[in-house]
Every structure is written in C-alpha cells, then in structure tokens.
Amino acid sequence: MAPSIAEIPTANVVVPVKDTPAAAENKPKIRRVIEEEGGTTTASYPHYLPTWNHGEKYEPLQPFDHYDHGKDADPSFKDLLTEGSRIQKLTPSTGSEVTGVQLSKLSDAGKDQLALLVAQRKVVAFRDQDFADLPIENALKFGGYFGRHHIHPTSGSPEGFPEIHLVHRNNNAWEFDEYLAAKNSSVSWHSDVTYEKQPPGTTFLYALDTPEVGGDTAFVNQVEAYNRLSPALKERLHGLKAVHSGVEQAENSASRGGVVRREPVQSIHPLVRTHPVTGEKALFVNNGFTRRIVGLKTEESDALLGFLLAHISRGIDYQARVRWAPKTVVVWDNRVTAHSAIVDWTTGERRHLARITPQAEAPFETPYVPEKEPQA
Ligand SMILES: [Fe+2]
C-alpha cells in the first residue's frame, strides 16, 4: 500500500489556514499553471504542473541528525549495478550514465550503494526509469531514505506535495529574447539552497517533459576544482568561512508576486567542506548563494570569491553535461557539485522536471594535511 504523506519525514509542519467566514472571503490565492494553460494541457504529467499556495507558511527549519547511508555501502555495488546493467563515465573525473537499473526497485543495500556511487562520481544519470509514473507519495518515500525532505521556500510544487520542487518552462520563447537582452549567457552556476544550515546531499531530478534538443544540465565537480588549487592556496582557504544567503531569492519571489513559504535565512559555512563518506574535500562556494568570506575586507572577499567562482565556472575539464530524455532520473551529490541549467532552446517545447531534495549534514571541514609544494 502506498504510504500516507504523514509517514514521510518532512522538514516542518504546515500552518493551516483557519476555516472561518472571514478567512473564506480572503481565501489564500493559489496560482495554478494548469488554469493558466486554460484548464487543458499538453503536459505529459498534468498532476505535476506547478502550483503556488499563498496560504502555505512554514516555521523555520530545525536541526536534525543526518545519517549518510553511503557509509554502509558495499563498494562492489553488487546490489545497485546488477546483472544486465551498464555504467559508462561521462568524463574521466565527473559523471556517469547507467542503464539497466530500476531505481524504484532497489533494496536498502542498493540505495546505500547509490549514495556512495553518486558521492564518488558526483552526478549519475539513470535512463528508462519509472519514477515519474509512480504515485508521488512513493517517489517521496524513496527519496526520504536519503534524508529529511527539504521544502523550498519559493518554488512551485504539485498541489499537496510541497516537498517536490518543480522546474517548468513552456511555450515562452519570448522570455529567452528578454533574458538575453540583459545577459550574455543563461549559465547560472549554483548548488541548491546552500543558505540552509543543512543543505541537501543526494539529490534527485527526474524528467517529465523535455525539449527534443536543448535544456541540458551542466555539473561541476567541486572536489576536482579544489584539487586543482596549489597547496599554498588550499592551506590559506582552510578554516575560512563564507556567508550563504536565501534573502535575495525570497525578495525576488515576493517582488514578482510569488510565494515566500518560509522566512529567508543566511548560514555561515566552511569554504572547503569534507564529504562524510568519501573523505574528499570540496570547494563549497557557488554563484547562486555565496555572498562574502567572513573576516575579509570587501575588496579582499570579492577578489578571492571572484577567483574561486571563475575557477569553478571555467573548468570544463572537471565538468560534465547531462542530456535529458523522457524517463531519465539524474542524481547528484549537492555537497560536492554545482550545476546550471542551459536555457538554449527556442522552440517553445515544455521542459518540466521534478526534484526531490533530501537534506544532509551541516557542512564541516577536516584538518588541513600539508602537501608537498611542486618543485620550482
Ligand atoms: Fe538547481
């Protein structure tokens, strides 16, 4: 039997809208894309079309203990990469693609191995999945194994399932022109919701509708980005912390008449974080949410952060690009990657993706181990 939504661990509790006559008159606005499309839609999964309920408000997130199941994984991956499956690297350092595995059928041992594989490869695309066809409750139950579900403060969700974050763009090629009138490129590197005290770890994004060509997602391997730095700079970065802010995202939503379901927060995280399973160190800064380095003067912070963000964005030799197809599920480790959508199609085709976003541990950094300087 499908689990009830009450069984799925969620971040916090919905504050119900009071059912009084006055409240009924001022019923909170619910924006529904299906209504904007005229009540009928060409979407393959209409029940996944975004809704924004202005009556939905959430309390601040509370800390929780995260256990990373990758720690229990058998590194042979025998319960994940079973007979008949195939795994191919997308690039030598970053990203893999798997066929012949049905994620929804994995045993707990297989899920543990999934967490480890994704931590090692940073991003893995699984083809021919049944995820989008499952009842949403079941998809959430699967994702809940990897951590507490994050509820996004501003994004659209399927009605009644705020734990699902939706990415949706349809028939709006004109927006493309408007966008490029102000910017040279659609590339916008970020890691998801790093302003939270416990940002996401193993994260799932699955295709509902995708353009035939275009709308790929690019990923950058932040472990490899860290490894490329000189020992002298690595040593200097050790112990530094940076401010990550969700304030601008909330303000942007509010200014467009969108929802702000939870008051925005800022967090201070180490600039370099250690992965709890692999022990690898990764740069933990991103263009989307990292604002400044604590303890440095403005120009110093801007220069150092600017260098690190440019280093991440230009490293095509430690990036991978995933092409979407119907029934693809992409899983990445949000602790050790950044990503960007590539908004490059002008056909008006629908791009509709659903994200399940389990939160992980608060970022931490293990001691710096001196490395040999290269010989002059
Ligand atoms: Fe994202």
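# Notebook: hairpin, sheets, core and loops of a predicted chain

I started at the hairpin of β3 and β4, where six residues lie between the strands and G95 takes a positive phi near 90°. Helices (H or I, at least four residues) and strands (E, at least two) are DSSP runs, numbered from the N terminus.

Before going on, I noted that this is a predicted model, in which local features need pLDDT of at least 70, side-chain atom pairs count only at pLDDT 80 or more, and totals for chains, interfaces and linings use all residues. Residues are numbered from 1 along each chain as its sequence is written.

**Confidence.** I looked up pLDDT, the predictor's confidence in each residue, from 0 to 100, and found a chain mean of 92, with 91% of the residues at 70 or more. Over residues 1-19 the pLDDT stays under 50, and the model has 33 contacts beyond four places in sequence for them; a contact is counted if the C-beta atoms of two residues, placed from the backbone, lie within 7 Å. Where pLDDT is low, the predicted coordinates should not be read in detail.

**Overall dimensions.** The chain has nine helices and 17 strands, and its C-alpha atoms fill a box of roughly 75 × 55 × 45 Å along the principal axes. I compared the radius of gyration, taken over C-alpha atoms, with the globule rule of 2.2 Å times the number of residues to the power 0.38: for 376 residues a compact globule would have a value near 21 Å, and the chain agrees with its 21 Å. Of the contacts with a separation of 6 or more, 82% come from residues 24 or more positions apart.

Strands β3 (residues 86-89) and β4 (residues 96-99) pair in the antiparallel sense over four bridges, and I87 stands opposite V98 in β4. Continuing from β4, I found that it pairs with β5 in the parallel sense over three bridges, with F126 in β5 as the bridge partner of V98.

**Two open sheets.** Which order do the strands β8, β14 and β16 take in their open sheet? The order is β14-β8-β16, and the pairing is antiparallel. Because β14 (319-322) and β16 (337-341) stand at the edges, each with a single partner strand, one side of each is left without a neighbour in the sheet. The twist averages 20° from one strand to the next, where axes are lines fitted to C-alpha atoms, for helices over the stretch in contact, and angles run from 0 to 180 degrees between N-to-C directions. Strand β8 (residues 217-221) and β14 pair over four bridges, and T217 stands opposite V322 in β14.

The other three-stranded open sheet that I looked up has the order β10-β9-β13, with antiparallel pairing. Here β10 (266-270) and β13 (290-293) stand at the edges, each with a single partner strand, so one side of each is left without a neighbour in the sheet. In this sheet the twist averages 30° from one strand to the next. Strand β9 (residues 241-245) and β13 pair over three bridges, and V243 has R292 in β13 as its bridge partner.

I counted 40% of the 376 residues as buried; a residue is buried if 20 or more other C-beta atoms lie within 10 Å of its own, exposed if 12 or fewer, and partly exposed in between, with C-beta atoms placed from the backbone. A nonpolar core is a set of buried Ala, Val, Leu, Ile, Met, Phe, Trp, Tyr and Cys residues joined through C-beta atoms within 7 Å. The largest such core has 64 residues, and Y206, L283 and V331 have the most contacts inside it. Helix α3 (residues 108-121) gives the most to this core, with six residues. Leaving aside neighbours within four places in sequence, I found Y206 in contact with Q129, F131, A132, V329, L353 and A354.

**Loop residues.** K122 lies in the loop between α3 and β5 (123-126); its phi is near 80°, a positive value in a residue other than glycine, and K122 is buried, with 31 other C-beta atoms within 10 Å. V193, in the loop between α5 (173-182) and β7 (202-209), also is not a glycine, yet has a positive phi of about 40°. V193 counts as buried, with 25 C-beta neighbours inside 10 Å.

Is W189, with 19 C-beta neighbours inside 10 Å, buried or partly exposed? W189 counts as partly exposed, and it lies in the loop between α5 and β7. Its C-alpha atom is separated by 5.2 Å from that of H339, 150 residues apart along the chain. Not counting residues up to four places away in sequence, W189 touches V220, N286, N287, I312, S313, A338 and S340.

Terms used. Pairing = 2+ DSSP bridges.
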